[in-house]
Amino acid sequence: MRSDQIRSAALAEFARRGYEATTMADIGAAVGIRGPSLYKHVRSKQELLASVIDATMDALIRDHDAAVAGIDDPVERLRRAVEAHVRFHARNRVEAFVGNRELRSLTEPHRSEILARRADYEQRFRRLIADGADAGVFSVASPQLASYAILDQGMGVAVWFRDDAGPGENEVAWQLAEFALRLVGAGPAALRPR
């Protein structure tokens, strides 16, 4: 339990102050222990940052895999994957913010490990798009560029989405999934009427 509290406090401090400006004393104060006592639970601030970003990647991959499990139709697989991606970013704005902004603060081997996981996540979308193109239901020149655009669109939700203003999570997830299907050239039959 203590390690989860420490990771949550680190996430909050990294979001508020930035990784470089956050000290172990700041994180310790947030969980009610002295900074030096944190070293009984974690090896370093760098390890904390890596664990925060790694946990975010775990959740993204888990949500993606659950969304597409048991679905064979390429259109529905992409729709569900996009909706899961968008919902994650609407619900986990702080994690997304820290994961994207502080990627630059990771050192080796953490940086390479996280970059490999991010590439694996992108590949999941690229394969969905390529499978749809191979099946003749998508018309897209570059599954790679399409996956980048779809992922960026979803990550942007973490920047502007608010629970208390604007369209709700369901509307945003639905609409961005429709945008993604149009982006990959899904035919009119694939798009859901409003």
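**Figure 1. Aspartate 134, an exposed residue.** Aspartate 134 is exposed, with a relative accessible area of 67%. Here, buried means under 20% relative accessible area, exposed means over 50%, and partly exposed lies in between, using a 1.4 Å probe and protein chains only. The model shown is predicted, so local features need a pLDDT of at least 70 and side-chain atom pairs count only at pLDDT 80 or more, while totals for chains, interfaces and linings use all residues. Residues are numbered from 1 along each chain as its sequence is written, and side-chain values use heavy atoms, leaving out hydrogens and water. Aspartate 134 has its place in helix α6.

**Figure 2. The whole chain, for orientation.** The protein holds 8 helices and 0 strands. Helices (H or I, at least four residues) and strands (E, at least two) are DSSP runs, numbered from the N terminus. Read from the N terminus on, the elements go α-α-α-α-α-α-α-α. The C-alpha trace spans about 60 × 40 × 25 Å along its principal axes. Of the 194 residues, 46% count as buried. Contact means heavy atoms within 4.5 Å. Among contacts between residues at least 6 apart in sequence, 68% join residues at least 24 apart.

**Figure 3. Inside the largest nonpolar core.** A nonpolar core is a set of buried Ala, Val, Leu, Ile, Met, Phe, Trp, Tyr and Cys residues joined through side-chain atoms within 4.5 Å. The largest one here has 30 residues, and Leu78, Val82 and Phe125 have the most contacts inside it. At least two residues of this core come from each of α3 (45-68), α4 (74-91), α6 (110-134), α7 (143-160) and α8 (169-183). The most is given by α4, with 7 residues. What does valine 82 touch, leaving aside its neighbours within four places in sequence? Valine 82 is in contact with Phe125, Ile150, Leu176, Ala177 and Ala180. A second, separate core has 21 residues, including Ala9, Ala10, Phe14 and Ala50.

**Figure 4. Where α1 meets α3.** Two packed helices are described by the angle between their axes and the distance between the axes. Axes are lines fitted to C-alpha atoms, for helices over the stretch in contact, and angles run from 0 to 180 degrees between N-to-C directions. Helix α1 (residues 2-17) packs with α3 at an angle of about 95°, and their axes are 10 Å apart. That angle makes α1 roughly perpendicular to α3. Angles under 35 degrees count as roughly parallel, over 145 as roughly antiparallel, 65 to 115 as roughly perpendicular and the rest as oblique. From α1, Ile6, Arg7, Ala10, Leu11 and Phe14 meet Lys45, Leu48, Leu49, Ser51, Val52 and Ala55 of α3. This contact divides into 8 nonpolar, 1 polar and 2 charged residues. In that count, Ala, Val, Leu, Ile, Met, Phe, Trp, Tyr, Cys and Pro are nonpolar, Asp, Glu, Lys and Arg are charged, and the others, Gly among them, are polar.

**Figure 5. A look at α2.** Helix α2 covers residues 24-31, and Met24, Asp26, Ile27, Gly28 and Val31 in it are buried. These buried residues pack against α1 and α3. After α2 comes glycine 32, whose phi is positive, near 80°.

**Figure 6. α3 beside α4.** The axes of α3 and α4 come within 8 Å and cross at roughly 150°. That makes α3 roughly antiparallel to α4. In α3, Thr56, Ala59, Leu60, Asp63, His64, Ala67 and Val68 meet Arg77, Arg80, Ala81, Ala84, His85, Phe88 and His89 of α4. By class, this contact has 7 nonpolar, 4 polar and 3 charged residues.

Figure 7. The axes of α3 and helix α5 (residues 93-101) come within 9 Å and cross at roughly 120°. The two helices are therefore oblique to each other. On the α3 side, Leu49, Val52, Ile53 and Thr56 meet Glu95, Val98 and Gly99 of α5. This contact has 4 nonpolar, 2 polar and 1 charged residues. Proline 109 is found in the loop between α5 and α6. A cis peptide bond joins proline 109 to glutamate 108, with omega about 5°.
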